[in-house]
Amino acid sequence: MSAVLQLDDVAIRFGGVQAVGGVSCAVEAGDFVGLIGPNGAGKTTLIRIIAGLLRPDRGKVILGGIDVTGDPTSARVRCGLALTHQIVRPFREMTVLDNVVLAAGIGYTSEPLRALLHVSRRRESERAAAILASVGLAGTERKLAGALPLGQLKRLELARALAVSPKVVLLDEPLAGLNHTEASKQVETISEVHQRGITVVLVEHNLEEVMRICRRLIVLNNGIVIGDGEPREVMADPVVHDAYVGGGMVTHAEA
Amino acid sequence: MSAYTISIVSIIGINVILAVSLNMISGFCGQISLGHGAFFGAGAYAAALAMFATANVPLAVVAGVIAGSLLGIIVGFASLRVRSDFLAVTTIGINFLFVGFVRKQSWLGGEMGISGIPPTGLGAAGNMVMILLMACATVALSLYVSRSWMGFAFRAVGEDEQAATTLGIGAGAYKLAAFGIGTALAGLAGALYTFFTQFITVDAFDFIFSVMLMAMVVIGGIGSTWGVVTAAVGLTLLPEAIRFVNDYRLLVFGGMLVLVIRLAPGGLAGLTRNLFDRVRQA
Amino acid sequence: MYYIDLAVTGISFGCMYAMMSVGLTLVYGLLRILHVAHAAVFALGAYATVLAANATGSLALGFLAAIIVTPLFGMAIYRLLYEPLLGYRPDVPMIASVGLLVLMQDAFRVVFGEQGVTFRRNAFSFTTFDFYGVTVSAVQIALVVTAAIVFLGLHLFTTRTRIGVGWRATVSKPRIAASFGVDPIKVRYLNFAIGSALAAIAGGLVALLNNLVDPAIGFVVSYKALAIIVLGGLGSVRGTLIASLVLGLVEAYGTIFIGAWLDRDAIAFLALIILLMIRPQGFAGARAA
């Protein structure tokens, strides 16, 4: 099976609201998938389920062929999933380099005993510096992460995600809060990540950019998948169009 | 060396072990524990019982370490469940429960404590040397952990648990590890204390003592091993140094605690760091 | 009858815990500080009541003195100790707070003596009433009545007056309150003033109950109050009130059942730990105020 990430009839209900109502999809290795949908469509909930922050009522989350539905986030990261947060969460009191070194040390830190028995960070430091350079953060290594502006923090977030050597990265609104120049630079970096053979799942509001770079689009509305396929074809579908232009506004008002 | 010096040095050694081990839990891993006295006490009582049963020193040490870490891992599991601001109060609770429980147990000597504990056979000076060796080993371990990947991961968990999780670091496992190591060392300190006094009462392990240990960590500078060692030595000697105000010891101690924190909230470590920065800039 | 006696004891103690804990939970709700030195405020209130009552010969003036002195002291603690430490980890101001408590406790001992002070003339402490075989002391009645008045007053204050509403809003939703023009600094002073005054009343009543104030008066109560505010769901006045009453009753009855193997003063923490294991988010959950 070549699917790196697979959802199998995932559903969750909050009180009386069916937030996600049976989503199934498979992301193939090397794919570049955009996950979109109007506000209240269940995107955030679905991300939280994939990340392991929420446990679905039914269905399975499968990473690289392994069922991780009951596993915590950290175990999923070890299975090859990397995440970036919508709101950046660097370790503010560590240097930029240390933030990435820590991620690069996943081979040690995934096991407390192994972490206790290893000290040297040389290899990880070199790798971290290379990753920082590749996302355009060369020169900031020694600064405290808390001192970086938002545009750079978003890239640090990406650098940390790359440092865990993922098979698939889940990017939660990596462009939010960035100005136009910063956003296009970030998009460029994300494309480079994909070219390196890492599968990308991008959740983004910026439809224009999503249409430009994604190879496949999954559209969510009211907790179910209403469109899945080549971006232009999907957007041409009247159902998707209605959800976005017509019904989308109504959904928004209700949410 | 006079008997007085030997006893002071022994107490300093025990307090260094306690403060450094608490620093691993609260400083390195960010889990506020205000009940360190309970783990210390569990180790002391277990070692006392083991001495009565076997009169074997290494066995009593092992008993103390196991008792301390066993209780510690239970509290560690609690720390996985409760919100971080509840943890401080939970650990205070553990301390009061420990004291309240032991006080009513006749098999633990109740209010009167346990006296006439068999000696180690090393003599006061020999005990002191053993305590100092253990204290040095504890400091070395703390310095090592701080440099290892484990210390790195501890810092991440202490700063932002969720962010640590997204880097593949299982926050729960690390919290348990911190509690396990820190409280095992507290149990060790308890065993050494039993060898030192041969007489224990539960009042030695009360909440006020736990606060005193936390004061050593905060005054030393949370997370800094050397700062904490310095503060542990200083705060142990302080009551001796101010014997001339014997009647006002607590008054002076409380006042100094307030003043030091008010004037240097980052502790000794923060103070020296600031000085260093200022010198570098000048 | 014995069981009813226990209920009376439990409820009156619960009322005392409630008045003691409210200030603590509000400080926590507002500043996220465990205000351990609140116990010193409680003790100061008790001393002020006794000393002023002895000086003037009037119990009422004693209480009046207490509720004038303690708010000033409470606000001074905020201004001089907590405000400069707000930017640090919460354990830093807490340790400072513990230091202040140790300092104050010993200061009371040095100034007023190890033995403490007693009321010179005070028939009130020894007055009891008999209701069909149930003995109730005047102080117990006073505790319950005062607590009822205090909490009713607090309720009216936080729902009917502008500043009271602003206060409550600041505790639960600080940003929103600030955007509606509530001055957060003023709210903090108000918070310390009212919390301290309530603790002082509780302290004065405990002094009456024992007819004695000694340096250790605030000690155990203060740590119990920490358990209570967590049980009550940190920052919640109603939760604190319920937790206090429940604890008073559990302690009263618990002494018979588990007193043989556990100290009375540890019961609060046993309850706390059991509760937290079942409901890690506390009694009242995440809801505040």
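## Briefing: chains A, B and C

In this predicted model, 34 residues of chain B are in contact with 38 residues of chain C (contact: C-beta atoms, placed from the backbone, within 7 Å). Local features need pLDDT of at least 70, side-chain atom pairs count only at pLDDT 80 or more, and totals for chains, interfaces and linings use all residues of this predicted model. Residues are numbered from 1 along each chain as its sequence is written, while chains are lettered from A and ligands numbered from 1 in the order in which they are written.

**The side of chain B that touches chain C**

- Helix 4 (84-103), helix 9 (207-220) and helix 11 (249-263) of chain B each supply at least two residues to this side (helices are DSSP runs of H or I, at least four residues, and strands are runs of E, at least two, numbered from the N terminus).
- Helix 4 of chain B gives the most, with twelve residues.
- This side of chain B divides into 23 nonpolar, five polar and six charged residues (nonpolar: Ala, Val, Leu, Ile, Met, Phe, Trp, Tyr, Cys and Pro; charged: Asp, Glu, Lys and Arg; polar: the others, Gly among them).

**Chain B**

- Chain B has twelve helices and zero strands.
- Its radius of gyration is 19 Å, close to the 19 Å that the globule rule gives for 282 residues, so chain B is as compact as a globular protein of that length (the radius is taken over C-alpha atoms; the rule is 2.2 Å times the number of residues to the power 0.38).
- The C-alpha trace of chain B spans about 55 × 45 × 30 Å along its principal axes.
- Of the 282 residues of chain B, 59% count as buried (buried: 20 or more other C-beta atoms within 10 Å of the residue's own; exposed: 12 or fewer; partly exposed: in between; C-beta atoms are placed from the backbone).
- Among chain B contacts between residues at least 6 apart in sequence, 79% join residues at least 24 apart.
- Helix 3 (residues 57-81) and helix 8 (residues 171-197) of chain B have axes that come within 7 Å and cross at roughly 145° (axes are lines fitted to C-alpha atoms, for helices over the stretch in contact; angles run from 0 to 180 degrees between N-to-C directions).
- The contact of helix 3 with helix 8 of chain B involves 15 nonpolar, twelve polar and one charged residue.

**Chain C**

- Chain C comes to eleven helices and two strands.
- Chain C has a radius of gyration of 19 Å, which agrees with the value near 19 Å for a compact globule of 289 residues.
- Of the 289 residues of chain C, 52% count as buried.
- Strand 1 (residues 128-131) and strand 2 (residues 134-137) of chain C run antiparallel, joined by four bridges (strands pair if DSSP finds at least two bridges between them).
- These two strands of chain C form a hairpin with two residues between them, and C:Y132 in the turn has a positive phi of about 45°.
- C:F131 stands opposite C:V134.

**The sheet of chain A**

- Six strands of chain A form an open sheet in the order 6-7-8-3-9-10, with mixed pairing.
- Strand 6 (81-84) and strand 10 (224-229) of chain A are the edge strands, each pairing on one side only.
- The twist averages 15° from one strand to the next.
- Strand 3 (residues 32-36) and strand 9 (residues 216-221) of chain A pair in the parallel sense over four bridges, and A:G34 has A:L217 as its bridge partner.
- Helix 7 (residues 150-163) of chain A lies across strand 6 and strand 7 (168-172), at about 170° to strand 6.
- Helix 8 (residues 180-195) of chain A lies across strand 3, strand 7 and strand 8 (199-203), at about 150° to strand 8.

Conventions. Two residues are in contact if their C-beta atoms, placed from the backbone, lie within 7 Å.
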